[in-house]
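Here is a short briefing to read alongside the model. Please keep the sequence and the 3D view open as you go.

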Amino acid sequence: MVVIGLGRFGRSLALELMEDGQVDVLGIDNDASLVDELAGSLTHAVVADSTKEEALRQLSVHEFDRAVVGIGTNLEASILTVSTLLQFGIRNVWAKAISESHARILTQLGAHKVIRPEHEMGLRVAHLVRGRMLDYIEFDDGYAMVKTTPPSPIVGRSLGQVKLRSTYKVTVVAHHRAGEGFTYATPETVLASDDVIIVSGQIRDVEAFSALS
């Protein structure tokens, strides 16, 4: 895996990948101080200008099948770097964007996944502070999964009796009881008020469900 741009986002990502222990990470940045900080923590950390195709070829970046571009504030460098990686034929190119227009350009270039960490975290926190959600994950197609506690209308009754899909348009995927691990929910599952559940469905439906008292 190659991570280009070792600012806060790139640094955190690269270190987390190394923590997993299953991925070799080549970190690249044009700031020598950032590279020096990570020199002993990544498989390789190199000072290079990622906008230069030849510089990337000398580092064998074209031989990687996965790359993440964490360059944010320098839009030109971000766009040129992503373009070069795509020209190399790298099969999985992820890129960080700092604005909607930046994200649109990267998508139009052909980046396989464009992420906006600050924006996405802001949305996630907004959902969490509004209700009883314990965690929230939103997907691109208007679909979401949330971790929450069961609202009172479904406590003490089997999920089959509640008819979640027809009543609330959501699905309880799994549940967790104190002292036990998460298990898949079935129509026979009866929830207690202090259980934790994983619920899936359209964003507006899981939000409405988690807001039930």
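This is a predicted model: local features need pLDDT of at least 70, side-chain atom pairs count only at pLDDT 80 or more; totals for chains, interfaces and linings use all residues.

Residues are numbered from 1 along each chain as its sequence is written, and side-chain values use heavy atoms, with hydrogens and water left out.

**Overall shape and make-up**

- The protein chain holds 9 helices and 11 strands; these are DSSP runs numbered from the N terminus, with helices being H or I of at least four residues and strands E of at least two.
- Its radius of gyration is 22 Å, whereas a compact globule of 213 residues would have one near 17 Å (taken over C-alpha atoms; the globule rule is 2.2 Å times the number of residues to the power 0.38).
- Along the principal axes, the C-alpha atoms fill a box of roughly 65 × 35 × 30 Å.
- Of the contacts between residues at least 6 apart in sequence, 54% join residues at least 24 apart (contact means heavy atoms within 4.5 Å).

**Surface and charge**

- Buried residues account for 38% of the 213 residues (buried is under 20% relative accessible area, exposed over 50%, partly exposed in between, with a 1.4 Å probe and protein chains only).
- The chain exposes about 11700 Å², and carbon and sulfur atoms supply 51% of that area (by the Shrake-Rupley method with a 1.4 Å probe).
- There are 20 positive and 27 negative charges, and their mean positions are 10 Å apart (Lys and Arg count as positive, Asp and Glu as negative; His and the chain ends are not counted; each charge is placed at NZ of Lys, CZ of Arg, CG of Asp or CD of Glu).

**Helix α9**

- Helix α9 spans residues 203-210, and I203, D205, V206, F209 and S210 are buried in it.
- These residues sit on the same side of α9 because they cover an arc of only 165 degrees around the axis (the arc is that of the directions from the helix axis to the C-beta atoms).
- An α-helix has 3.6 residues a turn, so residues three or four places apart point the same way.

**Two residues to look up**

- V93 is in strand β5, residues 92-96, and is buried with a relative accessible area of 0%.
- Leaving aside residues up to four places away in sequence, V93 touches A67, V82, L85, L86, A111, H112 and K113.
- D194 lies in the loop between β10 (183-184) and β11 (196-202), where D194 is exposed with a relative accessible area of 57%.
- D194 and T149 are 45 residues apart in sequence, yet their C-alpha atoms are 6.6 Å apart.
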